[in-house]
Every structure is written in C-alpha cells, then in structure tokens.
Amino acid sequence: MDLIGTNALVTGGAVRVGRSIASTLAAEGANVYIHYNRSSGPAEELAAELQSAGVRVDVGSANLSDPESATGLIEQATEALGPISVLVNSASGFPEDTITDVTLDQLRTTHDLTLASPLLLTQAFAEALPD
C-alpha cells in the first residue's frame with residue numbers, strides 16, 4: 001500500500017501495539033500524529049525517531065476515558081498535519097479490577113475508553129473526509 005504523504009492518527013500511538021503501528025505507517029511514508037494519555041516521554045521519543053525517517057510527526061494528549069476529549073482529536077491532528085486519511089484506534093487501558101471488585105465507575109471508564117471514544121473519533125474522522 002502506498003502511504004507516502006498520507007496523514008495518520010494513531011491513538012495510543014506511543015507504546016505497545018500503537019507504537020508499532022505508528023512506526024510501520026511512518027516506514028511506509030505516512031505522516032503520523034501520535035496520541036497519548038500519560039506516555040508523553042515515549043511519544044516524544046518516538047516522534048523524534050520517526051522524523052528522522054523523513055516524515056512529519058506530531059504528538060498530542062487526550063484522556064480517551066472521557067469521550068468528550070475524543071471529539072477534538074481529529075481536529076488537533078488535522079491542524080498539525082493536514083487532513084487525516086488514516087485513523088487507527090489503538091488506545092487501551094489495563095484495569096486491575098476483577099469481577100468481584102469492579103465498580104460501576106470503573107466499568108464506565110473502560111467502556112468509554114474502548115467503545116465510546118473510538119466511536120466518536122470514527123464519526124469525527126468520517127465527517128472530516130472529503131466527499
């Protein structure tokens with residue numbers, strides 16, 4: 001796939017699977033917006049690494065366990081790189097609760113991070129795509 005010059009947003013792009021996806025997209029020529037929540041150091045390190053490969057890279061933070069923060073992420077990435085044509089919803093959380101001690105608030109946080117925010121991001125992405 002030819003990705004040279006495309007602009008991609010990778011949520012959770014600073015660590016684990018998201019980092020690998022962001023690196024692969026950049027290796028294929030895509031400019032990458034790396035989203036992170038708490039991983040600012042790894043995000044900045046990856047951005048420097050990918051920029052040395054000759055693509056444009058920017059980073060930004062949003063707490064996707066709050067779906068309202070997701071709604072502006074497409075706009076942030078677009079302002080940084082230009083129109084986004086690739087969206088990868090890779091952000092995740094690793095709660096340590098169990099079936100016996102999970103609370104409704106913890107369940108809602110997990111739901112918002114893994115379902116609500118990706119849905120809202122995908123809607124914003126689709127709305128921003130050209131006809």
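Student: What makes Val102, Leu104 and Leu107 a nonpolar surface patch?

Tutor: Patches take residues with over 30% relative accessible area and no salt bridge, joining nonpolar side chains (Val, Leu, Ile, Met, Phe, Trp, Tyr) within 5 Å and like charges within 9 Å. Val102, Leu104 and Leu107 make such a patch, of about 270 Å², with areas from the Shrake-Rupley method with a 1.4 Å probe, where for residues only the protein chains shown count as cover. Leucine 107 lies in helix 5. Keep in mind that this is a predicted model, where local features need pLDDT of at least 70 and side-chain atom pairs count only at pLDDT 80 or more, while totals for chains, interfaces and linings use all residues. Residues are numbered from 1 along each chain as its sequence is written, and side-chain values use heavy atoms, leaving out hydrogens and water.

Student: How do you know whether isoleucine 99 is buried or exposed?

Tutor: Buried means under 20% relative accessible area, exposed over 50%, and partly exposed in between (1.4 Å probe, protein chains only). Isoleucine 99 has 81% relative accessibility, so it counts as exposed. Its place is in the loop between strand 4 (86–89) and helix 5, and its C-alpha atom is 33 Å from that of isoleucine 34, 65 residues apart along the chain.

Student: Why is alanine 124 called buried?

Tutor: Its relative accessibility is 17%, therefore alanine 124 counts as buried. Alanine 124 is found in helix 5, which, as with the other helices here, is a DSSP run (H or I, at least four residues; strands are E, at least two), numbered from the N terminus.

Student: What makes threonine 71 partly exposed?

Tutor: Threonine 71 has a relative accessible area of 46%, so it is partly exposed. Threonine 71 lies in the loop between helix 3 (67–70) and helix 4 (73–81).

Student: Why is the contact of glutamate 49 and arginine 19 called a salt bridge?

Tutor: The term asks for a side-chain nitrogen of Lys or Arg within 4 Å of a carboxyl oxygen of Asp or Glu. Here the N to O distance is 3.7 Å, so the pair meets the cut-off. The structure holds one salt bridge. The pair links distant parts of the chain, glutamate 49 in helix 2 (residues 40–51) and arginine 19 in helix 1, 30 residues apart. Glutamate 49 is partly exposed at 44%, and arginine 19 is partly exposed at 24%.

Student: What makes the phi of arginine 16 worth a look?

Tutor: Arginine 16 has a positive phi of about 50° although it is not a glycine. Its place is in helix 1. With a relative accessible area of 53%, arginine 16 is exposed.
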